[in-house]
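Trainee: I have a model open on my screen and would like to learn how to read it. Could you walk me through a few features?

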Amino acid sequence: MSSRLKSSMNSSKRICDMKKNTIVLLISLLLVVFTACSAKSADVTTAAESTALQSGQTTEAPTAEAKLTLSIDGESAPVIWENNESVDALKELVKSSPLTIKAEKYGGFEQVGEIGKSLPENDVSITTQAGDIMLYTGDRLVLFYGSNTWEYTRLGRIDLPDEEISRLLSDKPVTVTIEYR
């Protein structure tokens, strides 16, 4: 074979190798792009679901991750709920529709409102603190912004600083909404 032919064959082989490398590089790049687009689509779906939940709409039936939520005059308040029979009954009560309670100031340290149904009680003598959520006489919800000692069933605690709890509860009667979502 002539050296010119060998040189031409080597050159063709290099061009072929370069094409293969370019194709592999392009395929790798496409995989990275498709993977990134797929992750962004998942984020968009999650953001849409989050927006729907914040506006009170549900995208599907409650799941095992559903939880009780509480708002005071439309302002969401984080709550650490107790794990007891009374809270379980409250969840059942609000699973199909939110519970709205008109609460009134009482004694200068609490807001009290009728639930409209009796829940199981397990009253014990308790000294309350700001943020405590109690069941009184089985059919009244009590939200504390001060302290009192009496017999209650503990339902939970609003997880906010005392000043914020006082701002939410101490000025005027309030509307409390409990939902399961």
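This is a predicted model: local features need pLDDT of at least 70, side-chain atom pairs count only at pLDDT 80 or more; totals for chains, interfaces and linings use all residues.

Trainee: Which residues of helix α2 are buried?

Mentor: Buried means under 20% relative accessible area. In α2, which spans residues 85-94, the buried residues are S86, V87, L90 and V94. Looking down the axis of α2, you find these buried residues within an arc of 95 degrees, so they line one face of the helix.

Trainee: Which exposed residues sit on the face of α2 turned away from its buried side?

Mentor: That face carries E85 and E92, both exposed.

Trainee: And what covers the buried residues of α2?

Mentor: The cover includes the strands β1, β3 (79-81), β4 (99-106), β7, β9 (149-158) and β10 (174-180).

Trainee: Can we zoom in on one residue? What does the side chain of S86 reach?

Mentor: The side chain of S86 reaches the backbone oxygen of P120, at 2.4 Å. With a relative accessibility of 3%, S86 counts as buried because the cut-off is under 20%. Setting aside neighbours within four places in sequence, S86 has contacts with L119, P120, E121, L135, T153 and L155.

Trainee: Which residue caps the N-terminal end of α2?

Mentor: N84 does: one of its side-chain oxygens lies 3.1 Å from the backbone nitrogen of S86.

Trainee: Let me try the other helix. Which residues of α3 are buried?

Mentor: Helix α3 covers residues 162-169, and its buried residues are I165, L168 and L169. Seen down the axis of α3, they fall within an arc of 80 degrees, so here too the buried residues line one face of the helix.

Trainee: Where does D73 lie?

Mentor: D73 is in the loop between β1 (68-72) and β2 (75-77). Its relative accessible area is 38%, which makes D73 partly exposed.

Trainee: What is the phi of T137?

Mentor: T137 has a phi near 55 degrees, again a positive value in a residue other than glycine. You will find T137 in the loop between β7 (132-136) and β8 (140-144). T137 is partly exposed, at a relative accessible area of 34%.

Conventions
Residues are numbered from 1 along each chain as its sequence is written. Side-chain values use heavy atoms; hydrogens and water are left out. Buried means under 20% relative accessible area, exposed over 50%, partly exposed in between (1.4 Å probe, protein chains only). Helices (H or I, at least four residues) and strands (E, at least two) are DSSP runs, numbered from the N terminus. The arc is that of the directions from the helix axis to the C-beta atoms. A polar contact is a pair of N or O atoms within 3.5 Å; within protein, one must be able to donate a hydrogen and the other to accept it, and residues adjacent in sequence count only if both atoms are side-chain atoms. Contact means heavy atoms within 4.5 Å.
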